[in-house]
2 protein chains.
Amino acid sequence: MPNSSNRPIMQLIDLLSKKWVLRILWELRQSPSTFRELQARCGDISPTMINKRVKELHQARLLEKSPERGYCLSELGDEFVELFAPIYLFSERWSDVKNSLDAKEDQ
Amino acid sequence: MPNSSNRPIMQLIDLLSKKWVLRILWELRQSPSTFRELQARCGDISPTMINKRVKELHQARLLEKSPERGYCLSELGDEFVELFAPIYLFSERWSDVKNSLDAKEDQ
DNA sequence: TTTGGTGCTACATAATGTGTAGCATTTTTG
DNA sequence: CAAAAATGCTACACATTATGTAGCACCAAA
């Protein structure tokens with residue numbers, strides 16, 4: 001456990017810092033998905049990894065497995081991705097600022 | 001590049017998914033810090049890693065190095081951690097829900 | 001009954017992170 | 001002024017984590 005802490009924020013940061021966790025949550029934000037479709041949405045990452053993360057996210061109560069709909073976000077998972085929405089907007093501004101600063105430096 | 005995409009949100013997710021990136025941003029949210037203090041705040045992670053991440057966050061324009069104050073968040077970095085604040089609140093609720101569901105299962 | 005999709009595992013290889021030692025430089029202190 | 005302490009940082013051997021491919025057991029449709 002990297003942060004050796006039981007503070008919720010640290011546990012959450014640990015979880016989110018694992019490769020593909022944020023991506024998987026993000027890809028499930030719109031609609032549920034089958035295993036293989038989720039794999040495809042994440043750019044064809046290995047089934048090993050999908051399976052591992054899906055288990056972790058399930059344990060973390062952010063993801064659920066429904067026989068009909070496949071893998072989908074839990075209520076908590078939904079809440080999380082909603083909080084993440086402003087960060088989506090931020091990412092576009094961030095990209096603009098970054099690019100224009102990079103361009104300036106190249107002059 | 002895991003997500004092989006130039007969409008800003010994917011680039012941001014890639015960055016945030018790297019170990020210690022979220023933690024470093026979080027630890028700098030209150031006040032700037034020296035190299036070694038930042039290292040300590042992050043639970044004494046290796047200087048190798050701090051240095052690597054600090055460079056990446058600097059390139060990403062989220063972190064700045066000031067001769068007087070040491071390492072600190074840039075304006076963009078500040079904006080980011082503010083957007084992250086609701087996620088701090090979420091983490092506490094998440095932890096509660098998770099714990100009570102875990103307790104139920106153990107019955 | 002075979003074709004194609006599903007969820008998933010095994011395992012060798014590659015990439016990433018860790019931990020310790022320590023160096024060169026600047027700042028503090030006696 | 002000299003010794004001690006703190007600074008930012010690098011090197012490198014080792015451990016952990018992720019990747020990619022192959023493929024299996026299962027089910028449904030053709």
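Ala, Val, Leu, Ile, Met, Phe, Trp, Tyr, Cys and Pro count here as nonpolar, Asp, Glu, Lys and Arg as charged, and the others, Gly among them, as polar. The structure described below is a predicted model.

**Surfaces near the DNA strands**

DNA strand D is surrounded by 17 residues, of which S46(A), T34(B), F35(B), R36(B) and P47(B) are the closest. Two or more residues of this surface come from each of α4 (47-59) of chain A, α3 (35-41) of chain B and α4 (47-59) of chain B.

Around DNA strand C there are 16 residues, and T34(A), F35(A), R36(A), P47(A) and S46(B) come nearest. Here α3 (35-41) and α4 of chain A, together with α4 of chain B, each supply at least two residues.

**A contact between the chains**

Helix α1 (residues 8-16) of chain A meets helix α5 (residues 75-106) of chain B: their axes come within 8 Å and cross at roughly 100°. Because angles of 65 to 115 degrees count as roughly perpendicular, α1(A) is roughly perpendicular to α5(B). On the side of α1(A), the contact is made by P8(A), I9(A), Q11(A) and L12(A). The partners from α5(B) are Y88(B), S91(B), E92(B), W94(B) and S95(B). By class, this contact of α1(A) with α5(B) has five nonpolar, three polar and one charged residues.

Key
Residues numbered from 1 in each chain as written. Chains lettered and ligands numbered in written order. Predicted model: local features only at pLDDT ≥ 70, side-chain atom pairs only at ≥ 80, totals over all residues. Near = placed C-beta within 6 Å. Helix = DSSP H or I, 4+ residues; strand = E, 2+ residues; numbered from the N terminus. Axes fitted to C-alpha atoms, helices over the stretch in contact; angles between N-to-C directions. Parallel < 35°, antiparallel > 145°, perpendicular 65-115°, else oblique. Contact = placed C-beta atoms within 7 Å.
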